[in-house]
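Here are my notes on the model you sent.

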Amino acid sequence: MSPALLSALAAVAMAHGEAAARWPPFLPPPTTFPPAIAAGVERAWTSPTITRQVEGERAHAPLELYAALVDAPEVTTAAARHLGIAQYEVRRLGPGWYHADDGARARGEYHVLLRERTRQVMFSRGRHAGRLLGTVTGTALTELRFEPDGGDVAQRLTAWVVVDNRVVAILARVFVPLFGRLADRKLQEGFRVTGRVAEWAATRRPEFCRWLESDPTAAETRGPVLAAAGCGTR
């Protein structure tokens, strides 16, 4: 989202009161969430270190199948490992609550705040261990949109990111083009992985279904994906 658009949204929100300005208009009221999550969302919305909007590559799959994979990240990441395209791992900790690990130096947890047919909104806390800057922690408010476009799914993501480390936060603001490109690359990687898994499920259904029915990783949550992929009709 551009700074000009953010300013316009802020001006409109201020005209409707301070509470509206401090809370994303696309979410239910803050009182519907645990206090710690509500505070984190408010901080990311009002004082992000960096804001990014990324267009992902199109997913060559039906919308319902793609949406089912987004709703079942354990299935999607297990499929990505099976295909050898990523080492991500996601474990469900509770309803709408997940632990994620990129298989390298980044890990964290995220909560799904809103689920709609073509949109998800998430709040995440994460940390990255690097040789240069050490361990950097942060939070993010992320809005993911996915909409049908012909026979494909168009993907778009907006992220409001807060970096806890003061020095890294200053560097991120000073070197926005550099940090922005790095952030965009990581965000686009998630699009790429989900899109490839969805395309595999859509174009090689028997193979995908055999794998999913036999893989124990996501046995408890694979039902909606099996249905969306049409595994019972092959």
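1. Nine helices and seven strands make up the secondary structure of the chain. Please keep in mind throughout that this is a predicted model.

2. Of the chain's 234 residues, 43% count as buried. The accessible surface of the chain is about 12200 Å², and carbon and sulfur atoms account for 57% of that surface.

3. On contacts along the sequence: taking those between residues at least 6 apart, 57% join residues at least 24 apart.

4. In soluble globular proteins, nonpolar side chains tend to be buried together. Here the largest nonpolar core has 42 residues, and the members that touch the most others are Y66, V75, F146, F208, W211 and V225. Helix α4, residues 63-71, is the largest contributor to this core, with seven residues.

5. Which residues does F208 touch, leaving aside those up to four places away in sequence? They are W200, A201, V225 and A229.

6. The α4 axis comes within 5 Å of the axis of helix α5 (residues 73-83), and the two cross at roughly 95°. Angles of 65 to 115 degrees count as roughly perpendicular, so α4 and α5 are roughly perpendicular to each other.

7. Where these helices meet, α4 supplies L69, V70 and D71, while α5 supplies P73, V75 and T76. By class, the contact of α4 with α5 has four nonpolar residues, one polar and one charged.

Conventions. Residues are numbered from 1 along each chain as its sequence is written. This is a predicted model: local features need pLDDT of at least 70, side-chain atom pairs count only at pLDDT 80 or more; totals for chains, interfaces and linings use all residues. Side-chain values use heavy atoms; hydrogens and water are left out. A nonpolar core is a set of buried Ala, Val, Leu, Ile, Met, Phe, Trp, Tyr and Cys residues joined through side-chain atoms within 4.5 Å. Buried means under 20% relative accessible area, exposed over 50%, partly exposed in between (1.4 Å probe, protein chains only). Helices (H or I, at least four residues) and strands (E, at least two) are DSSP runs, numbered from the N terminus. Contact means heavy atoms within 4.5 Å. Accessible areas come from the Shrake-Rupley method with a 1.4 Å probe; for residues, only the protein chains shown count as cover. Axes are lines fitted to C-alpha atoms, for helices over the stretch in contact, and angles run from 0 to 180 degrees between N-to-C directions. Angles under 35 degrees count as roughly parallel, over 145 as roughly antiparallel, 65 to 115 as roughly perpendicular and the rest as oblique. Ala, Val, Leu, Ile, Met, Phe, Trp, Tyr, Cys and Pro count as nonpolar, Asp, Glu, Lys and Arg as charged, and the others, Gly among them, as polar.
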